[in-house]
Amino acid sequence: MLRARRIASIVVVAALGLGGLAACRSEPSVAAYVGDRRVTEDQVTQVFDGAGAGASASPAAEEQQQPGTEPTRSPGPAVSRQQVVDLEVSLDLGRKVAAEQGVQPMAAVTAEQVATELGVPATSEYAKDYTEWVNLSQAIFAKLGTNVPAVTDEQLRGVYDALVKVDAIEAGFDLAQIKQAFGNGEFVAAAYQLTGMLEKAATTSDTTVNPRYLPLSAPMVVSSQQGAVFYDLPYLEGSDTVSDRA
């Protein structure tokens, strides 16, 4: 998997997050409820299986692969059932936020581009939904513009720690080095503002998640000079645990 050991500057491509989700409703066969919609375990299995049940070599990597060598891992995360639930619930919440903001998805990326990065079939539901999320979140970010609160040191550290978890940036940075790497930190502030909007949508829509999928993480994508970097940023009532997608 292609990873940047040091990122001089990072800009956001897509970010999402979830918080304040409680398991008030619970059925073993249901992974999550978003309003009246049920994300069932069978649906999770279908999306998971369609994505190839994990990371695979990207088409570009396969073309360059030398005979007799191990397949090159794609520059995206392995797909797990947890990540399927993260995406499906987050996408539903993102649609609600977009509707409230009066925005439509942008044509920022195609399913083929996303599939190549994630190492999943372009025709898979996972690739299609991930593509919708990227295009939807980009529209929301465009609406937010620069009208975001000043980034906090805690937020900078939270994103930095998440990137360290997936070996996307060198460990051991102090706060001054993090600020230098992240520039003005607007992408961090925007990401946290979006997660706050998603958290509000989760509350108003009575979103609940099966405890087996808590904490629910935010699939994040940032770009670096080396390409797209994927990481998880859990966003759930006081939890700062970061899960490793590598």
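1. The model is a predicted one, in which local features need pLDDT of at least 70 and side-chain atom pairs count only at pLDDT 80 or more, while totals for chains, interfaces and linings use all residues. Residues are numbered from 1 along each chain as its sequence is written, and side-chain values use heavy atoms, with hydrogens and water left out.

2. Ile140 belongs to the largest nonpolar core, which holds 46 residues and in which Val120, Tyr126, Tyr130 and Ile140 touch the most other members. A nonpolar core here is a set of buried Ala, Val, Leu, Ile, Met, Phe, Trp, Tyr and Cys residues joined through side-chain atoms within 4.5 Å; buried stands for under 20% relative accessible area, exposed for over 50%, and partly exposed for what lies in between, with a 1.4 Å probe and protein chains only. At least two residues of this core come from each of β2 (30–34), α1 (41–50), α3 (81–101), α4 (111–118), α5 (125–144), α8 (186–204) and β6 (227–234), and α5 gives the most, with 10 residues. Apart from this core lies another, of 22 residues, among them Tyr160, Ile178, Ala181 and Phe182.

3. For the protein as a whole, the secondary structure comes to 8 helices and 6 strands, where helices (H or I, at least four residues) and strands (E, at least two) are DSSP runs numbered from the N terminus. The order of the elements from the N terminus on is β-β-β-α-α-α-α-α-α-α-α-β-β-β. Of the 246 residues, 50% count as buried, and among the contacts with a separation of 6 or more, 75% are accounted for by residues 24 or more positions apart.

4. Val47 lies in helix α1 and is buried, with a relative accessible area of 9%. Leaving out residues up to four places away in sequence, Val47 touches Val84, Glu88, Glu125 and Tyr126. The C-alpha atoms of Val47 and Ser124 are separated by 7.4 Å, although these residues are 77 residues apart along the chain.

5. Asp92, placed in helix α3, also counts as buried, at 10% relative accessibility. Its side chain is joined to that of Arg37 by a polar contact of 2.8 Å, a polar contact being a pair of N or O atoms within 3.5 Å of which, within protein, one must be able to donate a hydrogen and the other to accept it, with residues adjacent in sequence counting only if both atoms are side-chain atoms. Beyond its neighbours within four places in sequence, Asp92 is in contact with Val34 and Arg37.

6. Helix α7 (residues 175–182) has Ile178, Ala181 and Phe182 as its buried residues. Seen down the axis of α7, these fall within an arc of 85°, so they line one face of the helix, the arc being that of the directions from the helix axis to the C-beta atoms. The buried residues of α7 pack against α6 (153–165) and α8, whereas the face turned away from the buried side carries the exposed residues Ala176 and Gln180.

7. The ends of α7 also deserve a look. At its start, a side-chain oxygen of Asp174 reaches to within 3.2 Å of the backbone nitrogen of Ala176, and just after α7, Gly183 takes a positive phi of about 65°.

Methods: Contact = heavy atoms within 4.5 Å.
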